[in-house]
Each structure stands twice: as structure tokens, then as C-alpha cells.
Amino acid sequence: MNRLSLLVLLTVAGLAHSIQYPCGGSCGYRVSQSPYRSMTYSYGNVAYDDDMTRVVGGVGAAEASWPWVVSIQHPGSPKLGHWCGGSLISADWVLTAAHCFDKIENVSLLYVVIGATQFTKPGLGAVARDVKQVVIHRYYKRVDYRYDVALVQLERPVECSSYIQLACVADPTLRVSNLKNCWIAGWGATTARSQDYSDRLQEAKVQLIDVKLCNSTGWYPGEIHPYNLCAGYPQGTIDACQGDSGGPLMCQDNDAEYWWVVGITSWGEGCARPKQPGVYTSTQHFYDWIVYNMRVHAIESAS
Ligand code: 4AZ
């Protein structure tokens, strides 16, 4: 077989078994932060929220910092409309948590804001989309948040820009526990007690915590599923909180510039407490589920 036909074969095989990335075929690029790419894009106002007292240990993210992080919104939510986080993984699919839909009776009321950092100043890079359908894992259970993974299809695809990029979903070959530079981001509660969500996207660096330790006495004994990840700090202080659910746990590739979405924010006992870190659904574990369901449900909704 010559090299060209091998290439064609690999491409076809790839089409059948992986996530397709439009956006110039790339994912996980933080365009506004890339020295190689930023020249070709215009910037919005880069404004930091330097209110460091915000818990759960985060700081305000700069504009377009995490261009795949989306806000799933509900018009009934008194909290700036924000309901849950999510990650844009194709031009019209968002990866999020199944439990985000526990209290939603009519998903057609939901919409998704993509490309925004601050709700009160969404800027020209932000767009909103209605929801076409929600796909919830069939084994999801509210009692223990098992299989806490869902997909949201947007009514219409979005176009990529410096504000809107696709997330790379961790595939089964990625060695997630080796990744060192991991972050969470979300518009959720900024203190464990407050019910207020943040107007500006908050970001915080977290450590991946060994799942065996996380599942042990004094932590979350027996509550962590094999397909969960734990991240935060043994002493607490920095963590995801209510409203961050569905959003990503992201780690930079060890050898490259781009970022992987390795987890979906799922639950935790309170927020930022010692030995009670955030619990995430491992995207790597559900990679095949994600690929399969995006394909099947796209075909169904088109026919
Ligand atoms: C929540 O209720 C939630 N500390 C999300 C994350 C964490 C706790 C609660 C993790 O959406």
C-alpha cells in the first residue's frame, strides 16, 4: 500500500471512530494566549478581576481565556440566567453533566451562551443558541451521581473565533494522571455559602488527586466510581462549587500547547473543604459514549 492510500484509510477510519474538529481541525487552543496564533485575531478588552478574596479560590479569567467553556442558561434562574457549565466539543455539541437536567422539565427553555467571559458584558465574541436536544447517559442515577455525563446539541452550529474554540476530549490513550497543569473554570458560587454565581468566569489551578486516596476513609469512602477523577487540594480552599457543574476540568498536554478536557464537574461535599475535593466524571472513560451518541443523535435529529 502506498503512503497516500494509507493516509486515506487512516483518515476514513479516523472519521468513523473519533471526534471531528472543525475550527481548522484544532481543539484545545487558547487562541488569545497563543504566541503563534494571536496575531491573526483581534482582542477584546483583557480585563482581570483582581478580587482575590473570591472563593472558591479562583480569580476572574481574562477574556477568551477558555474559549470552549460555555454557560447553559435557564430563563428562570435568578443567578444571571446561569444554570450549569459545559464544554463545546464540536460546532453543535456541548459536553456537560447529566445532573444539570434533574430539575429541568422542558429543555427547550434552555439556551447556551458560547464565547462569553462576563455575562453583563458579553462582548462581540459571544453568541447564544437554543437547545435542540439533550442526551443523558442511560445509567445516570441521581442518588449517587453515577454516570453523570450528558450531551447538549445546539439548535444551530457556532463558528470558531478567538472567543470560540473546541475542547479536546481526553481519549482512552491519554495518560491523564501524568498531566500536571490542570485548571477548573466556571461561573458558579464563589464562596461555599453564597448562593450567588459569578458574573465573570472564574478560574483556578487544581491538582489531580489520586482516586484511591479520594475513595478512602476520611475522604469519600467508597463513593468514588472507577470513572471519576478527584481534583483540588488536600487542605481544601480551592474548588469547584454549585453552578460549576457540567463545566470542565482541563489539563494542558505535557508536550504541547493545547488543553484537554479530562473531567466534567460533578459533585463534592460542600466546597473547598479539606479532604473533600471536587469530583469529576472522567471524559476519557466516556470517550466512546460521547463519540457514538453525538453521531447517532445527530443522524436521528436530522432525519
Ligand atoms: C454543585 O452543586 C457542586 N465542590 C459542584 C461541585 C462541587 C460541589 C457542588 C465541588 O454543582
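Among contacts in the protein chain (heavy atoms within 4.5 Å) between residues at least 6 apart in sequence, 69% join residues at least 24 apart. This is a predicted model, where local features need pLDDT of at least 70, side-chain atom pairs count only at pLDDT 80 or more, and totals for chains, interfaces and linings use all residues. Residues are numbered from 1 along each chain as its sequence is written, and side-chain values use heavy atoms, leaving out hydrogens and water.

Reader: Why is the pair of Trp66 and Trp68 called edge-to-face?
Author: Rings of Phe, Tyr and Trp (its six-membered ring) pair if their centres lie within 6.5 Å; planes under 30 degrees apart are stacked, over 60 edge-to-face and the rest tilted. The centres of Trp66 and Trp68 are 6.2 Å apart and the planes stand at 70°, so this pair is edge-to-face.

Reader: How do you know whether Trp66 is buried or exposed?
Author: Buried means under 20% relative accessible area, exposed over 50%, and partly exposed in between, with a 1.4 Å probe and protein chains only. Trp66 has 3%, so Trp66 is buried. Trp68 has 1%, so Trp68 is buried too.
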